[in-house]
Amino acid sequence: MDMSQYLEVFIEESKEHLQTCSEQLLELEKNPEDLAIVNEIFRSAHTLKGMSATMGYEDLANLTHKMENVLDGIRNEKIRVSTEILDVVFQAVDDLEAMVFSISDGGDGKRNISEVVNKLMLIEKGEPLTEALAKQEMSAASAPEMQEGTLLISYDEFELTVLQQSREQGFDSYEVTVQIREDCLLKAVRVFMVFEVLEKAGEVIKSTPSAEKLEEEQFDREFIVTLITKESAEDICKKVMKVSEVEHAECRPVILEQNENQPENDSGNVPDEEKADDIKTEEKKKVAPGTRPAGTGNKTIRVNIERLDSLMNLFEELVIDRGRLEQISREVNNQELNETVERMSRISGDLQNIILNMRMVPVDTVFNRFPKMVRQLARDLNKNINLEIIGAETELDRTVIDEIGDPLVHLLRNALDHGIEMPSVRRGKGKSEEGKVTLKAYHSGNYVFIEIEDDGAGMNREKILRKAIEKGILSEQASETMTDKQVYNLIFASGFSTADQISDISGRGVGLDVVRNTIESLGGAVSIDSQEGKGSVFSIQLPLTLSIISVMLIEIQKEKYAIPLSSIIETAIIKKSEVLNAHSQKVIDFRGRVVPLVFLKEVLEVPQMFEEDEFYSLVMVRKGDKMAGLVVDRFIGQQEIVLKALGSYLQSAFAISGATILGDGQVALIIDCNALIK
Amino acid sequence: MAESAALSTASELKVIIFQLVDKEYALPVSQVRSIEKLQHITRVPKTPHFVKGVLNLRGVVTPIIDLRLRFGLEQEPYSDSTRIIIAAAQESEVGLIVDAANDVLDIQAESIEPQPEVAGTIDEEYIEGIVKIDKRLFILLNLDKVLNPEELNNTSGKEG
């Protein structure tokens, strides 16, 4: 069967499931006792296993299977959650992610996973990863902590009904935990004998592991049998203990109410997996509204972004025709036609909003991988770090989202590595040992801001200056007049790295200048502020969308151009006599500043169609700290436009950053102010 | 190149015939997206003189080349018969302004001859071959050469 058509879906869904795994694992680390979380992870892992096996990615399926076994152990309380175990599971998830990415890049998804598989198998068998863990693990495996009333296993609906009914008829139900001696040779025989004893005493309704597994000796030393009987717990225990080579037996009453509150804690019987899966889904549905909602529950479909683009193109055509229709209806002045056209205009306006919004994605899609990354880095660095994420629901255009991942990773690593100090240093400074990194996203105007704030060491002005001079980035003379903020922003200069020691986390030479370039290429900006000893804030400003921008439409002779509003300071109209000559350059005195004029008509070689009047219309634009006045003939007004590329054939057009289609169907060019200011 | 492949394998080639001054040219239909009437073209500053600008082709900004100027022929005002042939080149679409586009023909691959040695009005590198049917002579264009981007960048920006 040709699987290629499913590949895309497979990759997307795998990524989603792995994301769920990482998120829930982080949760689990905080609440190691919460078995509902383990179930959540188990479900994702199980789906992933099934999908990858179907698609023929064996390594992926194999590793997922091993991970699933460990999770199974955890939820059956055979394995106790510890940081070491979670580390291995995290490592497994990382490997899985690497494999999925390899597949999505056209690779075969193969990877050397033997190390992590071995570790998982050790955990699964309850064997310690390290000597230090040995005792703890052994005790966990041999004598799981038992609290009165907590169930060891859970039951499906049929079993629950049986338990319920038998209780109504005056029977008691017990979970009998039987432990066989370690040196026992014929475990299956002992199991058989235990079952015989129990079946005389009452009715066995369930065993964990399942009867088949027990017969095949597929269990360690311990198994649990659920029994309905009229005899007392003590008697049963004594009877079971009479079977030779049984080391320990314990009876605990089954309390049904308790069970119903934990429906997710379900059977771990591997042969019953399919059945169990069905039950899980059912149970999940019942549980979802009240307790823990699974994921966000939004219904979505995946659409190729190219389709959205062509939808957008077609819609623009519709808008243009709408304009024509409006004009015609005004001319014809027919009541019914007017009403219909008006209605159509309103509807297409709504449609426009929806289409534009479809391209917006919450920044969470980028942020969600950070908690795991920060956890791992913090462990590698032996630092104590708490990452706080604020405003993950803030929306950004898909094209921007795709690009900001790497710069953010870089900045976060930077904050963790260079920003936050070692716990001992922090204690010495009187700060709490746990460093705090805040990742914050919010909307403001036509921009989205993302801030990365740490409460670490902050930056040292002298150190940066020394380094900058050393690297020849600036002269000693220039350094004296710089403000603190200017100094801090020097770290974005290429070839700058302030870490005293080069670590493999950050400071590999390719530094923050790459971050700045990426962000600036998106039409954004990045800046830094810092207070020595208190911490630093990296602030990234990003345009809401790359495809729609606000512009000022202007006219030069008979040609229309658009100037991005983001680079305009203000507009002005001056008399020709106010223009001064400085050398060969025409300048004006604008609010006490000498501002050079750029005559767009000459720069853009616009053909002369009519004479100009005695006034100049100026659009004051800026690039960084520099300003210029663009001389135009007429302001048309402000407008939201859809940005279009000029196409690869005309890529190198001078001072033009793109084009847009105006309401009348004509193309207007967008002026690149950065190219006009030297 | 798709074109040469088409020439060597298919015995028949469907071409669009268009006119420039007094000569007839041919482009394989596989390279032609559509034929449009003349509409408003927005001039793009500082581009080679044969680039007339861009137009809005159903929501896509498409660059337009005047083939007369591209081939160094004298310019004439556009008329009612002037057409824009939207051709697919590499990944993008480019419009070619021609005097008229009036025919679709099937030509035999064997009837394509290499260009005669005599130097014509057009630089020979744009020409894939010559086709003679009855008494008509068609010049088969090599679109990739016509749209050679290197030349686009080398030609100094002069706009009339």
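# Exercises on a predicted two-chain model

Four strands of chain A make an open sheet in the order S2-S3-S1-S4, with antiparallel pairing. Strands here are DSSP runs of E with at least two residues, helices are runs of H or I with at least four, and both are numbered from the N terminus. The model is predicted: local features need pLDDT of at least 70, side-chain atom pairs count only at pLDDT 80 or more, and totals for chains, interfaces and linings use all residues. Residues are numbered from 1 along each chain as its sequence is written, while chains are lettered from A and ligands numbered from 1 in the order in which they are written.

**Exercise 1. Find the edge strands of this sheet, then describe what packs on the sheet.**

Solution. 
- Step 1: Two strands pair if DSSP finds at least two bridges between them. Strand S2 (202-208) and strand S4 (246-253) of chain A each have a single partner strand, so they stand at the edges and one side of each has no neighbour in the sheet.
- Step 2: Inside the order, strand S1 (residues 172-180) and strand S3 (residues 222-229) of chain A run antiparallel and are joined by eight bridges. Ser173(A) is placed opposite Ile228(A) of S3(A).
- Step 3: Helix H10 (residues 233-242) of chain A packs on the sheet and touches S1, S3 and S4 of chain A. The direction of H10 makes about 160 degrees with that of S4(A). Such angles run from 0 to 180 degrees between N-to-C directions, and axes are lines fitted to C-alpha atoms, for helices over the stretch in contact.

**Exercise 2. Trace the pairings of strand S11 of chain A.**

Solution. 
- Step 1: Strand S9 (residues 447-454) of chain A is joined to strand S11 (residues 535-543) of chain A by eight bridges, and the two run antiparallel. Val448(A) lies opposite Leu542(A) in S11(A).
- Step 2: Strand S10 (residues 525-531) of chain A also pairs with S11(A) in the antiparallel sense, over seven bridges. Here Ala525(A) faces Gln541(A).
- Step 3: Three residues separate S10(A) and S11(A), which form a hairpin; in the turn, Gly533(A) has a positive phi of about 90 degrees.

**Exercise 3. Describe the side of chain A that touches chain B.**

Solution. 
- Step 1: The contact takes 24 residues from chain A and 24 residues from chain B.
- Step 2: Helix H13 (305-332), strand S21 (656-661) and strand S22 (667-671) of chain A are the elements giving two or more residues to this side of chain A. H13(A) gives the most, with four residues.

Key
Two residues are in contact if their C-beta atoms, placed from the backbone, lie within 7 Å.
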